[in-house]
Amino acid sequence: MAAAALLSTPATGDSAHDVPSAFYVSKSENRNQVHYAVRLDDQCAPAGAAPVLPYWRMLERDARATEPLLSREVPAYGIAEQSVVSRGERGGVVRVVLRALPSRSLLLTTFASGQGCAASASLVIGGTPATLTSIHVQLRWPWGVDYLLLSGRALSDGHAVSERIAP
């Protein structure tokens, strides 16, 4: 589950309810990561029509440094589509399709936790319904992607699951 503490990011506003990271994408090139933030209202429900927003955590520079995605990075790390499936008094659900994984959608569930709002992304990983924690991109030299590695925890019992996807 994502931490409820809000970092000031290009993706989130000043709302204390926003979740700064529901999951992230790392890559073999360096330690920088793309995180997927979720804008939430005071009931921990998705705020607006497009509440999921990617942004960079520039870990190579500083643990707190962030930047928006550049337009040339959107095809690799951007969101192809998202739609709010439900909003309620204690959270909601957003269906998200990443540009890098157009054949799979994930469900991002938002909810109230003991420490504020939280979010959890779920999809099928290696044939198992799971909570997605991260996607690792193994880059190929000089250009291209060798594979994606999806990692998470099985919804049934919490055991670690992973799946390697070649383009």
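**Reading H35 and its surroundings**

Me: Which residues does H35 touch, not counting residues up to four places away in sequence?

Reply: H35 touches P20, S21, F23, Y24, L53, P54, Y55 and R57, where contact means heavy atoms within 4.5 Å. This is a predicted model, in which local features need pLDDT of at least 70 and side-chain atom pairs count only at pLDDT 80 or more, while totals for chains, interfaces and linings use all residues. Residues are numbered from 1 along each chain as its sequence is written, and side-chain values use heavy atoms, leaving out hydrogens and water.

Me: How confident is the predictor, and where does pLDDT stay under 50?

Reply: pLDDT is the predictor's confidence in each residue, from 0 to 100. The protein averages 91, and 92% of the residues score at least 70. Residues 1-7 stay under 50, and the model has 24 contacts beyond four places in sequence for them.

Me: Back to H35: is H35 buried or exposed?

Reply: Buried means under 20% relative accessible area, exposed over 50%, partly exposed in between (1.4 Å probe, protein chains only). H35 has 4%, so it is buried. It lies in strand β2, residues 30-38; strands (E, at least two residues) and helices (H or I, at least four) are DSSP runs, numbered from the N terminus.

Me: Which side chains make a polar contact with the side chain of H35?

Reply: The side chain of S21 does, at 2.6 Å, and so does that of Q33, at 2.7 Å. A polar contact is a pair of N or O atoms within 3.5 Å; within protein, one must be able to donate a hydrogen and the other to accept it, and residues adjacent in sequence count only if both atoms are side-chain atoms.

Me: What lines the largest pocket?

Reply: On a 1 Å grid over the protein atoms alone, a pocket is an open set of points with protein on both sides within 12 Å along at least five of seven lines, a cavity is a set where a 1.4 Å probe fits but cannot get out, and lining residues have an atom within 4 Å of a point. Here 15 residues line the largest pocket, with E29, Y77, L139, W143 and G144 nearest its centre. Two or more lining residues come from each of α1 (74-77) and β9 (128-139). The volume, the space filled by probe spheres set on the points, is about 360 Å³.

Me: Where does L139 lie, and what is it in contact with?

Reply: L139 lies in strand β9. At 29% relative accessibility, L139 is partly exposed. Leaving aside neighbours within four places in sequence, L139 is in contact with K27, S28, E29, G144, V145 and D146. Its C-alpha atom is separated by 18 Å from that of R57, 82 residues apart along the chain.

Me: How many cavities of 30 Å³ or more does the structure hold?

Reply: It holds 1. The largest cavity has about 30 Å³ of space and is lined by L98, L101, R104, L106 and L123.

Me: Which backbone angles deserve a look?

Reply: Most residues other than glycine have a negative phi, and most peptide bonds are trans. In this model, C44 has a positive phi of about 65° although it is not a glycine. C44 lies in the loop between β2 and β3 (52-57) and, at 5% relative accessibility, is buried. The peptide bond from W141 to P142 is cis, with omega near 5°. P142 lies in the loop between β9 and β10 (145-154).

Me: What does P167 touch, and is P167 buried or exposed?

Reply: Not counting residues up to four places away in sequence, P167 touches V145, D146 and Y147. P167 is exposed, with a relative accessible area of 77%, and is found in the segment after β11 (160-165).
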